[in-house]
Amino acid sequence: MPLNPEAILQKEVAGYLRGHLRPPAYFSAIGHGSRGGGDAGFLRGVLAKEMGFKTDLPDLYFRRPLWPSGGATWPTFWIELKIPGRPVPASQLAAHQVIRSCGDSVAVARSVEEVVNQLLEWRFDLSDEKLSTERIRRGFQQRQISVAAW
């Protein structure tokens with residue numbers, strides 16, 4: 001089944017972040033994907049709602065420690081991905097306002113470059129070159145964070 005344009009953008013962004021977002025910062029996608037058609041898709045949707053799934057959340061969730069001191073507080077950041085020309089629906093904009101009222105930051109991005117620029121504005125540490133698994137492990141060890149805790 002072919003991916004929709006926003007799913008393709010999200011895969012590109014996730015691929016970039018996996019290689020360039022320095023630990024201990026991390027990101028996760030929010031599972032909004034298509035449930036598929038038919039009865040099975042409907043039942044997956046019902047189950048997701050019963051498990052607490054919320055619609056209209058932004059596509060990506062980010063955390064990082066306060067810089068430069070580290071500290072116990074980890075602010076929360078969200079990015080909604082949209083392809084160029086596609087507006088953000090009013091229901092999503094309303095959800096963004098609720099998230100902001102909780103003290104989190106939210107942005108909309110339409111390309112990998114916009115995601116990168118937003119993360120840099122939010123003071124995330126991104127590598128200029130792709131991080132290897134060994135470099136990521138060393139980054140955790142240097143920051144005295146156990147990989148096993150993840």
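This is a predicted model: local features need pLDDT of at least 70, side-chain atom pairs count only at pLDDT 80 or more; totals for chains, interfaces and linings use all residues.
Me: What makes up the fold, in order from the N terminus?
Reply: The protein has five helices and four strands, running α-β-α-β-β-α-β-α-α. Those are DSSP runs, numbered from the N terminus: helices are H or I with at least four residues, strands are E with at least two.

Me: Why is Q118 called buried?
Reply: Buried means under 20% relative accessible area, exposed means over 50%, and partly exposed is in between (1.4 Å probe, protein chains only). Q118 has 15%, so it counts as buried. Its place is in helix α4, and leaving aside neighbours within four places in sequence, Q118 is in contact with I79 and A107. Contact there means heavy atoms within 4.5 Å. Across the protein, buried residues make up 35% of the 150 residues.

Me: What makes N4 a cap for α1?
Reply: A side-chain oxygen of N4 lies 2.9 Å from the backbone nitrogen of E6, at the N-terminal end of α1. A polar contact is a pair of N or O atoms within 3.5 Å; within protein, one must be able to donate a hydrogen and the other to accept it, and residues adjacent in sequence count only if both atoms are side-chain atoms. The 2.9 Å separation therefore falls inside the cut-off.

Me: Which residues of α1 are buried, and what do they pack against?
Reply: The buried ones are E6, L9, Q10, V13, A14, L17, G19 and H20. They pack against β1, β2, β3, β4 and α4.

Me: What makes a group of residues a nonpolar core?
Reply: It has to be a set of buried Ala, Val, Leu, Ile, Met, Phe, Trp, Tyr and Cys residues joined through side-chain atoms within 4.5 Å. The largest such set has 20 residues, and those with the most contacts inside it are L60, F62, I79, L81, L119 and F124. Two or more residues come from each of α1 (5-20), β2 (60-63), β3 (76-81), β4 (105-109) and α4 (112-121), with α1 giving the most, four residues. F124 is in contact with L21, A25, F62, R63, R64, F77 and L119, leaving aside its neighbours within four places in sequence. There's also a second, separate core of five residues, including I30, Y61, W78 and I99.

Me: How do you know that β2 and β3 are paired?
Reply: Two strands pair if DSSP finds at least two bridges between them. β2 and β3 have four bridges, in the antiparallel sense, so they pass that test. F62 has F77 as its bridge partner in β3, Y61 stands opposite W78, and L60 stands opposite I79.

Me: Why is the pairing in the sheet called mixed?
Reply: The open sheet has four strands in the order β1-β2-β3-β4. Four bridges join β1 to β2, which run antiparallel, whereas five bridges join β3 to β4, which run parallel. The edge strands are β1 (26-29) and β4, each pairing on one side only.

Me: What makes β3 mostly covered?
Reply: Six of its six residues are buried. T76, W78 and E80 point one way, and F77, I79 and L81 the other. Helix α3 (residues 90-101) packs on the sheet, touching β3 and β4, and its direction makes about 150° with that of β4. That angle runs between N-to-C directions on a scale from 0 to 180 degrees, with axes fitted to C-alpha atoms, for helices over the stretch in contact.

Key
Residues are numbered from 1 along each chain as its sequence is written. Side-chain values use heavy atoms; hydrogens and water are left out.
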